[in-house]
Amino acid sequence: MAALKLPVWALALLLLVGFAGCRTMESPATSEPEQEKDIPTGWLSELIRELEHEDPANPPAKVYRYTYNGQEVYYLTSRCCDIPAKVYDTEGNLLCEPEGGITGQGDGRCADFIDARTNETLIWEDKREYK
């Protein structure tokens, strides 16, 4: 039986492809942005899990962290039509809906949010395609 002779580059390519699919326990796959590893556990990670189980929205759902009125808040973007955007405090309490809804103006409890928010950080975005 004749031995199969592979060039060195082909053997190296096969090894590279074979190891490329391996994952270690230290770097699990995640839908969280690479730059943002400090998503609070609890209510926010649960909200993100719920969004990932819903159909993708158009425009895609996103969660941002801002400073608003001297406190850290989390903003869930409006995802379509009459679905209002939501602003939560760090404990997961709904503070207001700054935009969206039937009028497009939200619930009126934080009408200045869009203009007054600062320190924007994208926490999560749904990268699935809308169909």
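Visitor: Why is strand S1 (residues 62-68) called largely enclosed by the rest of the structure?

Guide: Five of its seven residues are buried, so the rest of the structure largely encloses S1. Buried means under 20% relative accessible area, exposed over 50%, and partly exposed in between, with a 1.4 Å probe and protein chains only. This is a predicted model, in which local features need pLDDT of at least 70, side-chain atom pairs count only at pLDDT 80 or more, and totals for chains, interfaces and linings use all residues. Residues are numbered from 1 along each chain as its sequence is written, and side-chain values use heavy atoms, with hydrogens and water left out.

Visitor: What makes S1 and strand S2 (residues 71-76) a pair?

Guide: Two strands pair if DSSP finds at least two bridges between them; strands are DSSP runs (E, at least two residues), and helices are runs of H or I with at least four, both numbered from the N terminus. S1 and S2 have six bridges and run antiparallel, so by the definition they pair. Thr67 stands opposite Glu72 in S2.

Visitor: How many bridges join S1 to strand S5 (residues 118-125)?

Guide: Five bridges join them, in the antiparallel sense. Val63 faces Trp124 across this pairing, and Tyr64 stands opposite Leu122.

Visitor: What is the order of the strands in the open sheet?

Guide: The order is S4-S3-S2-S1-S5, with antiparallel pairing. Strand S4 (94-96) and S5 are called edge strands because each pairs on one side only.

Visitor: Which strands does helix H2 (residues 43-53) touch?

Guide: H2 packs on the sheet and touches S1, S2, strand S3 (86-89) and S5; contact means heavy atoms within 4.5 Å.

Note on methods. Axes fitted to C-alpha atoms, helices over the stretch in contact; angles between N-to-C directions.
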